[in-house]
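Dear colleague,

My notes on the side chains come after it.

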Amino acid sequence: MAKEKELDLVEIVAKANPPVCRIMNYGKYLYQKNKRAHEARKHQKQIQVKEIKFRVKIDEHDYSFKKNHVERFLMDGNKVKTTIMFRGRERSHGNLGVKILDRIAGELQEIASIESRSRMEGNQMYQILAPKKQVIERLKAEQAEAEGEPEAAESQA
């Protein structure tokens, strides 16, 4: 019957008694399946892990500058790996690195959650911060409303 219609006999459920088969164009089925999978991948957002490196002896301005970068990455929806690099005798003062990482996490606790706590690996200590989706969406909506209000006031005048 499948040969008469120039179609394929495809086994759907092999474990059923009797096995369930279907007459279809198998090549067309595979093509449509791949096309649906491609469309699904196209609409997914890739989350990247951005990395910001600090030193133990970081100045206040440098710290705030890098913290703003971390905040921007989180607002874009990316995870951030904050790394403290140690050199020489600095390695014996791991508590200073923990202070810096805790300070970053504390200042950004409104928009970020700690995915992995501070951990020492070789001569580097790091932690990973993940964005809080609901808070970031709310902040972006508020920001869009704030930007939209001056334009509305100008158009009424």
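Predicted model: local features only at pLDDT ≥ 70, side-chain atom pairs only at ≥ 80, totals over all residues.

A search of the whole structure finds two aromatic pairs. In one of them, the ring centres of Phe54 and Tyr63 are 6.1 Å apart and the planes meet at 45°, so this pair is tilted. Phe54 is buried, with a relative accessible area of 0%, and Tyr63 also counts as buried, at 2%. The charged end of Lys66 sits over the ring of Phe54, 5.8 Å from its centre, while Lys81 lies over the face of Tyr126, at 4.6 Å from the ring centre.

The structure holds eight salt bridges, among them one between Arg55 and Glu90, whose closest N and O atoms are 3.0 Å apart. Because Arg55 belongs to strand 3 and Glu90 to the loop between strand 4 and helix 3, this pair ties together parts that are 35 residues apart in sequence. Arg55 is partly exposed, at 23% relative accessible area, whereas Glu90 counts as buried, at 12%.

Glu60 forms a salt bridge with Arg103, with 2.7 Å between the closest N and O atoms; Glu60 lies in helix 2 and Arg103 in helix 3, so parts 43 residues apart in sequence are tied together. Lys67 and Glu107 meet in a salt bridge at 3.4 Å, N to O, and this pair links helix 2 with helix 3 across 40 residues. Glu60, Lys67, Arg103 and Glu107 are linked in a network of salt bridges, within which Lys67 counts as buried, at 17% relative accessibility, and Glu107 is partly exposed, at 38%.

Notes
Residues numbered from 1 in each chain as written. Heavy atoms only, no water. Phe/Tyr/Trp six-rings, centres within 6.5 Å; stacked < 30°, edge-to-face > 60°. Buried < 20%, exposed > 50% of the residue type's maximum accessible area, 1.4 Å probe, protein only. Lys NZ or Arg CZ within 6 Å of the ring centre and 35° of its normal. Salt bridge = Lys/Arg side-chain N within 4 Å of Asp/Glu carboxyl O. Helix = DSSP H or I, 4+ residues; strand = E, 2+ residues; numbered from the N terminus.
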